[in-house]
Amino acid sequence: MKVLVTATNYSKYCQPGKKLLEEAGCEIIENPHGRPYTFEELKEIVGDIDGVVVGVDTWNEEVFRLAPKLKVLARFGVGVDNIDLKAAEKREIVVCNSPGINSSAVAEQAAALILSSMRQIPQMNNAVRDGKWPRPMFHELKSRTIGFLGFGAIARNLAERLAGFHPEMIAYDKYPNQEMADKLGVKLVSQEEVLKKADIISIHLPATDETKHLINQETLNKMKDGVYVVNTARGSIVSEKDMAEALRTGKVAGFASDVFETEPIDLSGSLFGFENYIATPHVSAETYENCETTSVVTAKAILAVFDGKEPEHKFV
């Protein structure tokens, strides 16, 4: 069986999963690009592929029709918005993901972005290196309200980490878990209330038609003046054009994001004109621990399908 790995740095950081596949006799084809595959690149190699460890490349009918042997797509992460699930089901391609594994890693990145944005760490670093000695003033988290849009595993991990700073914490989730919220000291409220009351908004929603550009001119206007917004979920949730305007007017004091509407990014985008915009290259889940564990989960899922068994965390 041939397994294509489109996630990057597989040999470097994912040895446990790679070993499982090799011991099962699989031939592994790794991503040499250090970025997602383009369609033009995929079409040259998918013809005889049996399974894929999927990064963030696009997998749709256009690709599937060129991959007649494809049996399974194991997403190296949680979100499957880059996979056409209906097209996969039609072709009897099993799709599974790796939920919960990266929650600690992404929560740490979200916490880092919150603190970096509020404390202006990139700006202060640049100022000192330029020989300047600015004296800005900051709010402490204990006087702030943090609002979570989405309260799944990542947001709950983040709430647990932020609790030591003693902020007020509120959250909206379509399928609320009252028990976990009570345990973590988080008050469950409406989406409207998170938008209106939070000083810091951390986004933890899936990419769906319902959440596309959820953060737009209308919802931004509902937020407090001087709000901070952090996005470690999906780039499609935030209208980058509307966010740039909110930064220009000062409605948003800082925007920090690990995800983008288009990846790789376009440096001509209007957000890059603002010092209070912090961008990281979709690296929230890039930890040694997460890569090793997820490599095993995805390898086991692929091998289960090859053996005619039901894999864990199956979507279709």
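Domain bounds, as used here, come from an automatic or database domain assignment, and on that basis the protein is divided into domain 1 (2-77 + 287-307) and domain 2 (102-279). This is a predicted model, in which local features need pLDDT of at least 70 and side-chain atom pairs count only at pLDDT 80 or more, while totals for chains, interfaces and linings use all residues. Residues are numbered from 1 along each chain as its sequence is written, and side-chain values use heavy atoms, with hydrogens and water left out.

Taken over C-alpha atoms, the centres of domain 1 and domain 2 are separated by 32 Å.

Helices here are DSSP runs (H or I, at least four residues), as are strands (E, at least two), numbered from the N terminus. Axes are lines fitted to C-alpha atoms, for helices over the stretch in contact, and angles run from 0 to 180 degrees between N-to-C directions.

The axes of helix 2 (residues 15-23) and helix 13 (residues 288-306) come within 6 Å and cross at roughly 20°, and the two helices are therefore roughly parallel to each other; angles under 35 degrees count as roughly parallel, over 145 as roughly antiparallel, 65 to 115 as roughly perpendicular and the rest as oblique. Their contact (heavy atoms within 4.5 Å) involves Pro16, Gly17, Leu20 and Leu21 of helix 2, together with residues of helix 13 including Glu292, Val296 and Leu303.

Helix 6 (residues 103-118) and helix 8 (residues 153-162) pack with axes 8 Å apart at an angle of about 55°, which makes helix 6 oblique to helix 8. Among the residues that meet are Val106, Ala110 and Ile114 in helix 6 and Ile154, Leu158 and Arg161 in helix 8.
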